[in-house]
Amino acid sequence: MDRLASGYGLIEGPVWDSRRGLIFSDVPNGGVYCLDRSGRVEIVVEHRRGIGGIALHQDGGLIVSGRNVAYKGPAARDTVVLLDRDEGLGIIGFNDLTADARGRIYVGSLCSSPFDPAQQRSPKPGWLHVIDTDGSSRRIADGIQLSNGLGFSPDGGRLYHSDSRAHTVGVYDVHPDGSVGLRRALARVDEGVPDGLAVSEDGAVWVAAARGGAVVVFEPDGRERERIRCPLPMVTSVCFGGDDLRDLYIVTGAEGAGRPDAGSIFRLRVAVAGLPVPPARVKVP
């Protein structure tokens, strides 16, 4: 396992861009960055804090989460908000997200801040939302205590969803209209909590175990296949990259490392390729 970059607070949202390299965010310090193939890091989006999820957009630019779900890129002069907070529902922001094969965005909402101890004493569950390609959105699942990683099975028929506070990786059956069936448990993570995830071409689900210092690989039926240990405890997310999608990128936060800028990016060659995550095709007004 190679350490490629460090000096961040809490790295999240890794996504592989075959043209540019690894795109990622720093939640507390703000910004979206790109780690290119030569190892150079450059800023893609300045300042914006709280980005827990990122997706590429087919027209260039990015879909990012945080206080809202927004498009930032060349297809619009200004930031375009696709899904905003909702005081009536108690939604204060959004976390991890992904795109399906049609380009719809799936994203989890937060109704209490995971960084506010007062709110964590009586946390409120959030929802799973889908943003359709025409820009409309709807809530399709509820009761997610702390929404995190999202990823689709190879055939697109199942959606995996980490609920960190429940210590479970859930799974939904996906309907043709983009809605989902009832969530059921795929696997439980007790050493740490399940955070970001990625899916490989054989259907295995690779889950970051935050505060557990590992990536846990689950078979499609939920059996644990492998546990990959990481040098830092706060493993926040994973994604596949490289020309053959057999480079596993593991991103971490600084928590438990003894200094506030220890968040790092690691890379490991693995035997199975990851699934490419489709670009978003959501209409940008």
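Author: Let us begin with residue classes: Ala, Val, Leu, Ile, Met, Phe, Trp, Tyr, Cys and Pro count as nonpolar, Asp, Glu, Lys and Arg as charged, and the others, Gly among them, as polar. By these classes, the lining of the largest pocket has 25 nonpolar, twelve polar and eight charged residues. This is a predicted model, in which local features need pLDDT of at least 70 and side-chain atom pairs count only at pLDDT 80 or more, while totals for chains, interfaces and linings use all residues. Residues are numbered from 1 along each chain as its sequence is written, and side-chain values use heavy atoms, with hydrogens and water left out.

Reader: How much space lies in the largest pocket?

Author: Rolling a probe the size of a water molecule over the atoms shows where empty space is left. On a 1 Å grid over the protein atoms alone, a pocket is an open set of points where a 1.4 Å probe fits, with protein on both sides within 12 Å along at least five of seven lines; lining residues have an atom within 4 Å of a point. Grid points are joined across faces, edges and corners, and a volume is the space filled by probe spheres set on the points. Here the largest pocket holds about 860 Å³. Its lining comprises 45 residues, of which T98, L275, P276, V277 and P278 are the closest to the centre.

Reader: Which strand gives the most to that lining?

Author: Strands are DSSP runs (E, at least two residues), numbered from the N terminus. Strand 2 gives the most, with five residues. The elements that give two or more residues include strand 2 (11-17), strand 10 (93-99) and strand 14.

Reader: What is the volume of the second largest pocket, and which residues are closest to its centre?

Author: The second largest pocket holds about 590 Å³. L10, N95, P114, F115 and L146 are the closest to its centre, out of 31 lining residues. Strand 10 supplies the largest share of this lining, three residues. By class, the lining divides into 13 nonpolar, twelve polar and six charged residues.

Reader: In what order do the strands of the four-stranded open sheet run?

Author: Two strands pair if DSSP finds at least two bridges between them. In this sheet the order is 14-15-16-17, with antiparallel pairing. Strand 14 (147-152) and strand 17 (184-188) are the edge strands, each pairing on one side only. Within the sheet, strand 15 (residues 158-163) and strand 16 (residues 168-173) pair over six bridges, and L159 stands opposite Y172 in strand 16.

Reader: Is G151 buried or exposed?

Author: Buried means under 20% relative accessible area, exposed over 50%, and partly exposed in between (1.4 Å probe, protein chains only). G151, in strand 14, counts as buried because its relative accessibility is 7%. Leaving aside neighbours within four places in sequence, G151 is in contact (heavy atoms within 4.5 Å) with T98, R158, L159, Y160, L197 and V199.
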